[in-house]
Each structure stands twice: as C-alpha cells, then as structure tokens.
Amino acid sequence: MYRNKIKKKERKNEKKTFKTIFGFFLLGNSIFLFLSFFSFLFHWKNDQSQLEKLFDKEIIAENLLGKMGATVSHYFIHCGIGVSSFFIPIFLFFTGLKILFSKKEFFNNFYKSTIYKFLFFIVWLPIFFYVIVPDQGIFSGIFGFEIGNYLIHLFGIVGLSMLLFTSIIFYWIIIFHINDSTIKNGMKKKIQNINKKIDTTLQLCNLLDNHPEMDSSFRKKKNMLYSILYKKKEDFSFIDLKIDLESNKKKIIQILNHYNIEICEIKANIGPTITLYEIYPKVGTRISKIKNLKNEIALNLSALSIRIIAPIPGKGSIGIEIPNYKRYPVYMKDILFSEESHKKSHKMELPISLGKTVFNEILIVDLAKMPHLLIAGSTGQGKSVGLNVMIVFLLYQKHPKDIKFILIDPKKVELSIYKKISKSYFATLPNSIEPIITDLHKVKNTLNSLCKEMDQRYAIFEKYKVRNIKEYNNVIKKYNKYHLPYIILIIDEFADLNMNHKKKQIEIYITRLAQLARAVGIHLIIATQRPSVDVITGLIKSNFTARIAFRVSSKIDSRTILDCTGAEQLIGKGDMLFSNRNELIRLQCPFMELSDIQKIVDFYGNNNKKNEYFFLPKPDLS
C-alpha cells in the first residue's frame, strides 16, 4: 500500500512536470510565431523573393526570427489564412496559460469564452480582407483568395459584402445574447445615464448649501427653483443636429477654390442655433473677396441666410455663420444651476444671464459695470423672454434688501406677472396704487422721482466721502445706517413713451439717469421693437454702450441699434447679437415657460411678506 501511494505521487509529479514543460513550450512557441508573423509584415518582400535559396549560407533573412521565422510565417500567412494567422500564437499563448493555471477559474472561463471568437474570425477575416483589399494577398492569404473568389462568383461583390455584414451582426447577437429585451434595457440605461448627467449638474445646489454666505431665504429660493425647473426629467433630451459638417466644409472649400481663394484650414464650432465655420486664408488673400461671396455660399449650402465675420476679432480667421438644420433650445434651468454660471456670477454685483455663445459657453455679464442696457428687436423675436430671464436670474442671485425694480410696461400685459412680488422687490412712488406703471402719464413723475433719488444718494455719498454704492454699503455696516439697494429701471416698450406729449421731458430724464446714475446704483434696461432714429436718439444711444439686438426688419434698424449690419440676418426665436464696447457676440437667449415664471413669482410673493415697499421721493409736480 505504501509503495502504491509513492508511485501515485510520482506519477502526479511527473504529470505536473510534463504540464509545466508543455505549458511553457506553448508559451515559447506562441512568442516565436507572433514575432515571426509581425516581422513578416515588414520584410516579406525581400525574404519571399529569395525563399528558394533562403537556406544557403550566403543568404541572410531579414525576419527577426531568421530563416526559420521567414519560412514559417510565409506558409502560415501567404500560403495559409493571411492576417488571421495572428490568432494562432494568441490561441497557443492562452492555451499555455490554461495548462499552467488550470486550477484558476478565471483562466478557464476566459479560455472558453475566447476560443469560439477566434474560430469565427479565423474564417471571417481572410474573406473580409479579400473583399476590401483584393490586391493585398498578405492580408487574405491563399485561403481568403480561393474562398472569397468562389463566393464572389456565387453572390457577386455586393452580395458577398451583404453576407459578411449579416454574419458579423449574427455573431454579435449570438455572443452577447442580444434580443428585444436587451435592446429595451439598453435604452432604459441610456435614459438613466441622461438623468444622472442632470443630477451631476444639480450637485452645484448642494455645494451652495455649504456656502458661508447662504442664508435660509436663499436656500429656500434654491430648493424652489430646483423643484420647478426640474419637475420633468424625462423631458430632457439631446437633439441630434443632423448636420453633415464635412459636406459643408467641402462645399465651402469648393466655392472658394472656384474663385481662386486658397485657405490653410477650416474648423467648425456647433452652437445651439448656428454653426460657425472658421476659415484660415493663406497670406495675401483679400478679405473683401470672401465677403462678396456671401450669396454664393448661402446658395451652395441651401442656407436661409448666412453671416460672414471678416475677420473674427482676436483671431487670424474669417467666420461663416450658418443656421443649424435643427436648433436645440437653451433652457434657463441649464444655465441657472450650472457650475460655470455660479463661478462667473459669484463676484458680480448685478449678474444677468444672456444665453449661450456659438462655442456653447454661458455668457454672464455684470449690469453694474455695463452700466445700462438697450434692447431692440421686431415683434415675437424674444425681447420679452429675454427680460424675464434677466429678472428671474437677478431674483435668484440677490436678496430683496439688495435689489429693487421699477417696471414700466406700456403694453400692460408683459410684466404684470411680477405684481405679486412688488412689495418685496419694487421701488415705487408714495401712495401709489399700481406698482407696475402702465399709465403713460405717470411715467414722467416716476422718472422725476428717480432723478431726485439719484441726487439724494450723491449727497449721502458726499457726506460719507465714498465714490459709489458698493463703498457706501461697506462703510455703513460700522454705523448700522440705512442700507441702499440697487435700483433697476426696466422699460418694456420705449417707443410707446415717445407717443406721449411729454416726450422731450422723458428723454431728458432718461439721458440724465444714463449719464449719472451708475455710481449711485441705478441702472436702466430699455427695450423697443422700433429702433428708429426718432426713438433711440443719438443722445440716448451714446450713454448705452451695451446693446442687444434680436432680429430686426432692415439693415437701417440694425445700424441704429448696433452701429453695424447683421441683426437683420438673425433667424429669430431668441437668436441675438450682444454689443459691448466694440465687441460683438452672437448668442441664443434662454427659454422659460410662462407657467414656470408664475410659480417662481408665487413662491417669492409667499415667502417675502415681511418686506415693505422701497418708496422713492415725492416727484416735483409741474
């Protein structure tokens, strides 16, 4: 019995030794074959030309594994199965690992799952390469040539291509067990991933909770906006632009070449509304030649209208703006809760969001530095939506004690939605019944009162020896004196005020405020749908360096508001140009539904009942 046990152990040891030797033998052969096959791809021409004399002593093989490697790789690749021969050393390598680590479940499972894949591709790849590159026998080998040639005679080149394509689809279905349920699950996972992306953008709200300057009222505002603007996650979707960028690039280059205009490079930047193609012309190219081809480029690209920027400020390129076939909206929720928006607006006194650029960057500007804003655009092009976006953004960023609005709405319906928050966020005349001014006869008294407020503030600043409202509010913290809020005057339709018989007086007040009110924290936002010279006079225009133009009806209107053409070529629905100190930026204004604005206003009205009106001085009656 004892001797039998010893013999069994010896046999087991012999088997283990044999397995180890055989395993390493397979590993060594796999490395030998792989290196010889790899070297064959680079040296096969020289070695094959002298294959018959290869074993002469004077002949030197260029293959890494010498004459043996050149011969073996020739018969496997050229005379055999082509590039599929590489699966043989891979198969031997994994077989060697399986023998050496037979007790490891990982290697056993991996070996079983890969062996079937190798067998499929060993047959499939030579035929595939013969169809794709029939002249390169090194890829398909004789096996691929013979089988592929036979199948072409049976099915034709198109039929064989369809057969190969169908076979690879069947292969993936069998390997990954794809069925209708897996496809549905895959779509569900994609939707879940989209919702996760939304959640990551909303994590900024959690960061704001820990901000040292956040009080309970600001946290309530954040939570409220979170619930309103993100009430329907399933509505969030990425819209396919369906734009063939390469095709448009080729068409642009084709037109330019036709007129003997050479370019070095062309790039494309896809924005929400338009795609900007940046052209880098060669040295010596006249810009005017490209500008004069605007109509030809629009015709060849089947575009409604294009805009050429020649040159793009700060870049050595010329821009061609082409409307997207399908535009995707910019939602206020994506701007309000983005980390980019928080970083940009954190240090601003009066941050307002204007929208997204063609480079998909959020543009946040400080109204306190502009210091006033002039808005123009035809009816239905987005002026009122833009005003709502600015107001909501300021409401979210600022406390009622820091900001007050004066709203003048000659149309009587556009700004009436904010009536519920008037007690907290409005500045008004003493004994005033209506907080939102819709009566044109009361506009003069309001502007007169605002000018008196400006003069009183300057007197206070002189007393405390400060230069502006920011310095004053920092100083009076020590004395517990009255805190001064910023006042923002918003006029929704300025042209209607000029129909009033007191037009000249209104223009004088507006001009005086535009010239002097910046330092005391009074800022103006004026909108009009008729940017004619009699409405926007030179005196008013000179004090409004920051201007927004939505789509207008003519080049004359565009020059009136922007001092240049371009606004007549916009495509509407929030597409706009922002001009500030000779810088012109094209933007897509964010969109907000009226129902969401109403809910936000209701929340502010219900949670700021303790605040009282900010009363302006009594106007001079004349």
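Guide: Gladly! Let us start with two helices: H15 and helix H18 (residues 503-516) pack at an angle of about 30 degrees, and their axes lie 10 Å apart. That angle makes H15 roughly parallel to H18, a label given to angles under 35 degrees, while over 145 is roughly antiparallel, 65 to 115 roughly perpendicular and the rest oblique. Axes here are lines fitted to C-alpha atoms, for helices over the stretch in contact, with angles from 0 to 180 degrees between N-to-C directions. Helices (H or I, at least four residues) and strands (E, at least two) are DSSP runs, numbered from the N terminus.

A word on what you are viewing: this is a predicted model, in which local features need pLDDT of at least 70 and side-chain atom pairs count only at pLDDT 80 or more, while totals for chains, interfaces and linings use all residues. Residues are numbered from 1 along each chain as its sequence is written, and side-chain values use heavy atoms, with hydrogens and water left out.

Back to the helix pair. H15 passes H18 in a left-handed crossing, meaning that the near helix is turned anticlockwise from the far one by less than a right angle (clockwise would be right-handed). Among the H15 residues in this contact are Leu447, Leu450, Met454 and Tyr458, and the H18 residues they meet include Ile506, Tyr509, Ile510 and Leu513. Contact means heavy atoms within 4.5 Å. The residues of this contact divide into 11 nonpolar, 2 polar and 3 charged; Ala, Val, Leu, Ile, Met, Phe, Trp, Tyr, Cys and Pro count as nonpolar, Asp, Glu, Lys and Arg as charged, and the others, Gly among them, as polar.

H15 (residues 443-464) also lies across S8, strand S10 (486-491) and strand S11 (522-528), running at about 155 degrees to S10. That leads us to the sheet. It is an open sheet of 9 strands with mixed pairing, in the order S6-S5-S14-S13-S12-S7-S11-S10-S8. Strand S6 (362-366) and strand S8 (403-408) stand at the edges with a single partner strand each, so one side of each has no neighbour in the sheet. On average, neighbouring strands are turned by 25 degrees against each other, direction ignored. Two strands pair if DSSP finds at least two bridges between them.

Now look at S7 within that order. S7 runs parallel to S11, joined by 4 bridges, with Leu373 partnered by Ile525 of S11. Another 4 bridges join S7 to S12, again parallel, and Ala376 stands opposite Ala549 there. Both faces of S7 are covered: Leu373 and Ile375 on one side, Leu374 and Ala376 on the other, are all buried. Buried means under 20% relative accessible area, exposed over 50%, and partly exposed in between (1.4 Å probe, protein chains only).

S12 (residues 546-549) pairs with S13 (residues 575-580) in the antiparallel sense over 4 bridges, where Arg547 has Ser579 as its bridge partner. Helix H20 (residues 555-562) lies across S7, S12, S13 and S14, running at about 155 degrees to S12.

Strand S5 (residues 351-357) pairs with S6 in the antiparallel sense over 5 bridges, and Ile352 stands opposite Val365. The two strands form a hairpin with 4 residues between them, and Asn360 in the turn has a positive phi of about 65 degrees. In S6, 5 of its 5 residues are buried.
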